[in-house]
Amino acid sequence: MAAKKTITIKSIFYTAVSFTWIFGLAAIAHIVMVLIEKHNPVIKYDYAWGCAIIGFLTIYMTRWCKRDGWQSFWGVLGGLGLWFAWEYSLMYGGHRMGVTYTFNGSYPEYRIMKWSFMAFLMVFTYLLYQESARCNFIYFLRRKLKLMRGVVATGKIDNYGPRTAFEYIMITWAGYVLLMIAYDDQIFGPESWFCYALFFVSFSVFFYLIYKLLGYDKFGANLRYAIPTVTVLWNDVEILAKWGMLKEPWVHINWKIMSVIIAGFAISTYLIIKDLRRKKEGMIESKDIV
Amino acid sequence: MKLWKLLPVLLLSTPLACLTQGEIEEADVYKTPYAERMKMAEDKFYAAQKEGKTVTGVIVEGNTLFNNTIEPQNKPYKQPYTQEEYDAVAISAERNSKLFILTEDGTLYYPTPPQGQLVSESEQAHRIDRVLTEEQKKGPKMFTWATLVPLIGREVEVSGEIFPGYSGVKGINIEAIQFEGLYIVGQSEESV
């Protein structure tokens, strides 16, 4: 569990940079997929293989990164690579099985992903009882539901790279499954109470997460915590687009807005790398939580 | 044993081996820039329209049509379904029941892959180039592709190769599609 945090100018700066970087990464990832589909869909499965391999190698590479900041930085990119491969694998599966788009416009790959919710729950159940999991939400559930026989969490963390990659994958997976269940007209539907509840809960939780994020003044923890913060906000972005109230610039290929996002991503990447290169302190110490 | 260093090279070269002959042939199509491809599809569509070779009709769902549960052919053209029927056939369509184009004169067209293609997927599963009307071009950016499922019950005009089919039901390999309104009703349009 994180120690008591104070919000400083420094932590605000770190939050802004981390948030911009993770948000920019998600937006760029989306537009890359859209551009491939538009200009040369033939390469998409080869691209997916490339992403899977590079993602895996990136995660593997983090074993040589001593600091948790670098590990988290590469972990996010590795997780994104694997996530790309997973989405394209579902696209391929949809193609092989002739899965159609839905009448409210959901894509085949996400229709298939929706039914992975039980697989998600199985993995989540494991994490719920995995002592070294450090997710604040899981802590909350462990405490409130009295799930653990012993301490809430224990064990020193050395491998932030794969953990960050896994965190990125799990949170993105959760976001998609939730959205797709919300969009399904045979379960809830885009105009259902569930979709509205998801929108407003995500909106509220986003501010809470931003508040928590402001307490982290190192790029390691800050980058990792920015992942759920951005993903929760992304739920609202997706729902607004589904309701026809927002035109996503990465889907509509609005280059003016995308230029700003790409510039923000480039600057934040520079600032993160500059900061991580400068810092000399070692790994952060993770104490047992009782 | 430093051969393990070759592993990344081996892994990275794997995608090249994934390109099958079919994909390479398909890749040639995409050497033409997107805008040019869309212009070619549009020109082809309007040429077919000028020659009266396009097909105009409403998209109807096959299961309820062929088991005589719903009779869109006996309803006013452009109103093939009641709201209750629409809700049902839309679900069936996204569960991949077959869709047809029913013209005003009662001819039924079954969307097919191109002639000669042996292995194919459902025609409802892939994107079709959409030709925008002049009015649509002037408005906000819209989808430049469409799939058949969201268009169920709506009137469309399609161009493509028509086949004699069987037992009165004709086949059509849809190359381009045009329709009024949004692709997904109630949602923002995309420019992809």
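## Basis

Contact here means heavy atoms within 4.5 Å. The model is predicted: local features need pLDDT of at least 70, side-chain atom pairs count only at pLDDT 80 or more, and totals for chains, interfaces and linings use all residues. Residues are numbered from 1 along each chain as its sequence is written, and side-chain values use heavy atoms, without hydrogens and water.

## Helix α10 of chain A

Residues 255–278 of chain A form helix α10 (helices are DSSP runs of H or I, at least four residues; strands are runs of E, at least two; both are numbered from the N terminus). The 24 residues of α10 reach 34 Å from first C-alpha to last, close to the 34 Å expected at 1.5 Å a residue, where the expected span is 1.5 Å times one less than the number of residues.

The buried residues of α10(A) include Met258(A), Ile261(A), Phe265(A) and Ile272(A); buried means under 20% relative accessible area, exposed over 50%, partly exposed in between (1.4 Å probe, protein chains only). Among the elements covering the buried residues of α10(A) are α1 (9–39), α3 (68–97) and α9 (219–242) of chain A.

## Nonpolar cores

A nonpolar core is a set of buried Ala, Val, Leu, Ile, Met, Phe, Trp, Tyr and Cys residues joined through side-chain atoms within 4.5 Å. The largest has 62 residues, and Ile177(B) and Tyr183(B) have the most contacts inside it. Helix α7 (residues 160–183) of chain A gives the most to this core, with 10 residues. Another core, of 49 residues, lies apart from it and includes Phe23(A) and Tyr225(A).

## Thr112 of chain B

Thr112(B) sits in the loop between β3 (108–111) and β4 (128–130) of chain B. Its relative accessible area is 14%, so Thr112(B) is buried. Among the residues Thr112(B) touches, not counting those up to four places away in sequence, are Glu123(B), Phe163(B) and Ile172(B).

Notes. Chains are lettered from A and ligands numbered from 1 in the order in which they are written.
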